[in-house]
Amino acid sequence: MTPDNLTRSFDCVIVGAGHGGSQTAAALRQSGFTGSIALIGAEPEIPYDRPSLSKDYLAGKKTFDRMHLRPQDFWGAREVELLLGRHVSAVDPTARTVMTDRGEYFSYGQMVWAAGGDPRKLSCPGSDMAGIFYIRSKADCDALINVLPDAQRIVIIGGGYVGLEAAAVFREIGKDVTLVESLDRVLARVAGEPISRFYENEHRARGVDIRLNSNVASLEGVNGRVSNVILASGGRIAADIVVVGIGIIPSVGPLIAAGAEGANGIDVDPFCRTSLPDIYCIGDCARLKNGAGIRIESVQNATDQATTAAKAICGELRAYDAMPWFWSNQYDLKMQTVGLNFGFDSVVTRGDPVSRSFSVIYLKNGAVLALDCINSPRDYVQGRKLVDSAARIDPAALANTSRQLKEIDLVTS
Amino acid sequence: MATISVRTRDGELHSFEGRVGASLMENIRNGGFDELLAMCGGCLSCATCHVFVEELPASASLPIPSIDETELIEGSDYRQENSRLSCQIPFDETLSGIVIGIAPED
């Protein structure tokens, strides 16, 4: 990259216009940043609420204009230049430039990488046929919505939150749904077994055919359009369309190529700084080194890390320590999660899953790590304080629903 | 014309024309008040659109908060008698003149 090729210069370039990138821009202005800001987004839309895609938007219950994170004129009023419909394909940390797939160069004083991730694609034979959909962007979702009227038999591959939320939407509009999960339970990577079994029961009760321990061997098609999902066990499932929700791959290639430390995510310190000078990384694609060493894919994490990075850029170094939380809506079930359950060694089920209002509490060495609360905002709110203080509570007391969580005595040992 | 007045955390009061049919949260967000995070997008899963209803037009009434809303507000360190989650209040002409304060961030 040579300076001659520079098209524009900004004091701060933000790569990625999702929850993290857009909040970075807003937080920079709130913190008094007066320099020029560019917000580069891969999608053509102004920043919007991504979690609604697999819920109300897919269900046709929410129009897109109600999903804008900020109104169109907000960005102009805050002097944030939106550069949409562009992928950043290269970063030069010495010249301090980013290059886009349109051949543009933008130089930066500070850069925040908030590029999120792309959906992990199926790689089995037949996975390049028509009729296979992902749910990550508005364009993904629109393509799926367009074919729904002509698709009755839907096979969902992947029993994570996206797959389960989509299954709920499809059943509510009367589709035949089969959900294929390679592990022995849904939500296996994120939730404890009582939560997995509860959601399996709920979906089955509503007619979802859940196939656990099932690997997809290939997809068959007619005239280049998918017609059957073939399982490794030999089973065949007829499909008008296939919807894939098997996680994301963090979009970090250009930053890794530029020399940033990381692999499956960019390593960042508690201020969201990468190993490269004046380059920060936040959200789905950031891996907090001194935390659990994992990436966290949530709106809360993206938003709060954005504020951390923006403050750091403005000279206020405040280590990221926000309380993690997350939600999922399926049917009439509202799940709220607080804390991170990584490394838990025991779980307590508080309340009866049959009542459809209960919580699962995750403990490590006797201390509360996290809670998953189903239709139980009271436990979610009160449990937050237990997570915050890593409270040590007798498991029998935690399970006793005759007392609220805030009324339970701590273990004094 | 239906107006909404919003007191930001610095104490300043801002008035603007609200959009009938959208929630108070959407109106505040669309009014450009970036202090209101409304992280869950209005699906009653968080409490980041917490506001104080400072003044209500004499003839107006607000929907009774659901149990879920009440529980979520109880988790805020800044809960007051007039606390509401703004995503749970549809805005209409009867609310014209309402004065809302954005609650501190928990």
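Strand β10 of chain A, residues 176-180, has four of its five residues buried, so this strand is largely enclosed by the rest of the structure. The model in which this is seen is a predicted one. The partner of β10(A) is strand β9 of chain A, residues 153-157, and these two strands pair in the parallel sense over five bridges; within that pairing, V155(A) has T178(A) of β10(A) as its bridge partner.

Helix α4 of chain A covers residues 161-172. With 12 residues, α4(A) reaches 17 Å from its first C-alpha to its last, which is close to the 16 Å expected at 1.5 Å a residue. Nine of the 12 residues of α4(A) are buried, and the helix is therefore largely enclosed by the rest of the structure. The buried positions are Y161(A), G163(A), L164(A), E165(A), A166(A), A167(A), A168(A), V169(A) and F170(A). Just after the helix, G174(A) takes a positive phi of about 85°.

Helix α5 of chain A, residues 193-205, has 13 residues and a reach of 18 Å from its first C-alpha to its last, close to the 18 Å expected at 1.5 Å a residue. Its buried residues are I195(A), S196(A), F198(A), Y199(A), E200(A), E202(A) and H203(A). An α-helix has 3.6 residues a turn, so residues three or four places apart point the same way. The cover over the buried residues of α5(A) includes α4(A) as well as the strands β11 (209-211), β21 (325-330), β22 (333-339), β24 (358-364) and β25 (367-374) of chain A. Just after α5(A), G207(A) takes a positive phi of about 100°.

One residue of this helix can be followed individually. E200(A), which is placed in helix α5 of chain A, is buried, with a relative accessible area of 2%. When its neighbours within four places in sequence are left aside, E200(A) is in contact with D184(A), R185(A), V186(A), I210(A) and L212(A).

Two of the strands that cover α5(A), namely β21(A) and β22(A), are also joined to each other, running antiparallel with six bridges between them. Across this pairing Q330(A) stands opposite L333(A) in β22(A). The two strands form a hairpin with two residues between them, and Y331(A) in the turn has a positive phi of about 50°.

Elsewhere in chain A, three strands form an open sheet in the order β12-β13-β14, with antiparallel pairing. The edge strands, each of which pairs on one side only, are β12 (216-222) and β14 (236-238) of chain A, and the twist averages 30° from one strand to the next. Between β12(A) and strand β13 of chain A, residues 225-231, the antiparallel pairing extends over six bridges, and among the paired residues E220(A) has N228(A) in β13(A) as its bridge partner.

A further step leads from chain A to chain B. Helix α8 of chain A, residues 377-388, packs with helix α2 of chain B, residues 67-74, at an angle of about 5° and with the axes 8 Å apart, which means that α8(A) is roughly parallel to α2(B). In this contact P377(A), R378(A), Y380(A) and V381(A) of α8(A) meet D68(B), E71(B), L72(B) and E74(B) of α2(B), and the residues involved divide into four nonpolar, no polar and four charged.

Note on methods:
Residues numbered from 1 in each chain as written. Chains lettered and ligands numbered in written order. Predicted model: local features only at pLDDT ≥ 70, side-chain atom pairs only at ≥ 80, totals over all residues. Heavy atoms only, no water. Pairing = 2+ DSSP bridges. Axes fitted to C-alpha atoms, helices over the stretch in contact; angles between N-to-C directions. Expected span 1.5 Å × (residues − 1). Buried < 20%, exposed > 50% of the residue type's maximum accessible area, 1.4 Å probe, protein only. Contact = heavy atoms within 4.5 Å. Parallel < 35°, antiparallel > 145°, perpendicular 65-115°, else oblique. Nonpolar A, V, L, I, M, F, W, Y, C, P; charged D, E, K, R; others polar.
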